[in-house]
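My entries follow in the order I made them.

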Amino acid sequence: MAKSKIKPLSDRVLVQPEPAEEKTSSGIIIPDTAKEKPQEGTVIAAGPGKVENGTKIDMSVKEGDKVLYGKYSGTEITLDGEEYLIMREADILGIVD
């Protein structure tokens, strides 16, 4: 895992999505127009947390965690030819063990 050049602020997280499925389990190749957006990825960087009502709330996720997120969550960015998503921690549905 490469060191990120982006440091998310507040409760934001930088996620690298898993690659989309290239073929089905039966061997049929999926064209680009029919591929589903991935909903699983790896946390590359996480912000320090947020302050709510004067109390600091730490992040629940950390670098290296595999997470599930909503299909249309986050903002897509490209850095050094790699695709990433920046999203709020609240957009993350869960951590995959």
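Entry 1, pairing. I looked up Glu40 and found that Glu40 stands opposite Leu68 in strand 5. I note that the model is predicted: local features need pLDDT of at least 70, side-chain atom pairs count only at pLDDT 80 or more, and totals for chains, interfaces and linings use all residues. Residues are numbered from 1 along each chain as its sequence is written, and side-chain values use heavy atoms, with hydrogens and water left out. Strands are DSSP runs of E, at least two residues, numbered from the N terminus. Strand 2 and strand 5 pair antiparallel over three bridges; pairing takes at least two DSSP bridges between two strands. Strand 1 and strand 2 also run antiparallel, joined by five bridges. Pro17 has Gly41 in strand 2 as its bridge partner.

I checked strand 2 and found six of its seven residues buried (under 20% relative accessible area, 1.4 Å probe, protein chains only; exposed is over 50%, partly exposed in between).

Val13 is one of the eleven residues of the largest nonpolar core, a set of buried Ala, Val, Leu, Ile, Met, Phe, Trp, Tyr and Cys residues joined through side-chain atoms within 4.5 Å. Not counting residues up to four places away in sequence, Val13 touches, among others, Val43, Met59 and Ile92 (contact: heavy atoms within 4.5 Å).

I found Ile28 in the loop between strand 1 (12–17) and strand 2 (40–46). Ile28 counts as exposed because its relative accessibility is 54%. Leaving out residues up to four places away in sequence, Ile28 touches Glu22 and Lys23.

Terms used. Helices (H or I, at least four residues) and strands (E, at least two) are DSSP runs, numbered from the N terminus.
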